[in-house]
Amino acid sequence: MKIELAGRRALVSGSTQGIGYAIAVALARCGARVVVNGRGEATEAAAARLRDELPGADVTAVAADLGTAEGAETVREAAPELDILVNNLGIFGAKPVLEVDDAEWRRYFEVNVLSAVRLIRMYLPGMMDRGWGRVTAIASDSAIVTPVEMVHYGMTKTALLAVTRGYAKAAAGTGVTVNSVLAGPTHTAGVETYVAELVGDELPWDEAQRRFMREYRPYSLLQRLIEPDEIANMVAYLSSDLASATTGGALRVDGGYIDAIIP
């Protein structure tokens, strides 16, 4: 089975590192013209790195804070039309829920949810008019199994499931699919920092990872952190013609962490 995205233009929000960067690489490898997004100089650096990895890849860097309406407009000016939209941008961190103030609740919602809403609202009508499009949101196992130390984060990922299901209904019968991916605990630089916050930074990484999974994610059937490429593989599939009958779904790449047959 070959995933072919030649001629498709894709945007991956928050794609300078981690899962977002892996998705950008996967889409470019399948032939898509990819817009890499982030904040500041890291955006062009990520685009240059991708071009080095895949010589000949068509990659554009657009630095914009998509947690704001102004940032979304900057992206639209650079990429007026898209075939593939991947809403990956997200922030996370551990904090006792009783200590999360109003400002932080709003910040998490603005960045993790409204950034996706703005982009879908911006690009979905054009996809529907052209009769083809793919929209994917990167959600999380935390949308279903809310960690007590990240309630403010889990709330935003639960909201993304509702957002994508609702927009899938809006696009019914148009040839456009809208889905979310329930990503499980994944090995990124941010997660390494998060693991260190929970288990301490004095342990070697392999031992710290095992302790984190044992103490904080004990229901994982994989019993290890997922690699970003493993998330990217699912997104590449959902972005293709091969996934034409999959829409309105929440697809799991969670290592079996969510203890349910269906979400």
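Strand E2 is largely enclosed by the rest of the structure, because 5 of its 6 residues are buried (under 20% relative accessible area, with exposed meaning over 50% and partly exposed in between, for a 1.4 Å probe and protein chains only). The model is a predicted one, in which local features need pLDDT of at least 70 and side-chain atom pairs count only at pLDDT 80 or more, while totals for chains, interfaces and linings use all residues. Residues are numbered from 1 along each chain as its sequence is written, and side-chain values use heavy atoms, leaving out hydrogens and water.

Strand E1 (residues 9-12) runs parallel to E2 (residues 33-38), and 4 bridges join the two. Across this pair, Arg9 stands opposite Arg33, Ala10 faces Val34, and Val12 is opposite Val36. In a regular strand, side chains alternate between the two faces of the sheet. In E1, Arg9 and Leu11 point one way, Ala10 and Val12 point the other way, and all are buried.

Zooming out, the open sheet is built from 7 strands in the order E3-E2-E1-E4-E5-E6-E7, with parallel pairing (two strands pair if DSSP finds at least two bridges between them). Its edges are strand E3 (59-63) and strand E7 (250-253), each of which pairs on one side only. From one strand to the next, the twist averages 20 degrees.

Helices also pack on this sheet. Helix H3 (residues 69-78) touches E1, E2 and E3, and its direction makes about 155 degrees with that of E3; contact means heavy atoms within 4.5 Å. Helix H5 (residues 151-170) lies across strand E5 (133-140), strand E6 (176-183) and E7, running at about 160 degrees to E5. Angles run from 0 to 180 degrees between N-to-C directions, and axes are lines fitted to C-alpha atoms, for helices over the stretch in contact.

Finally, there is a helix pair to look at. The axes of helix H1 (residues 18-29) and helix H8 (residues 228-238) come within 8 Å and cross at roughly 50 degrees. H1 is therefore oblique to H8 (angles under 35 degrees count as roughly parallel, over 145 as roughly antiparallel, 65 to 115 as roughly perpendicular and the rest as oblique). On the H1 side, Gly18, Ile19, Ala22, Ile23, Ala26 and Leu27 meet Pro228, Asp229, Ile231, Ala232, Val235 and Ala236 of H8.
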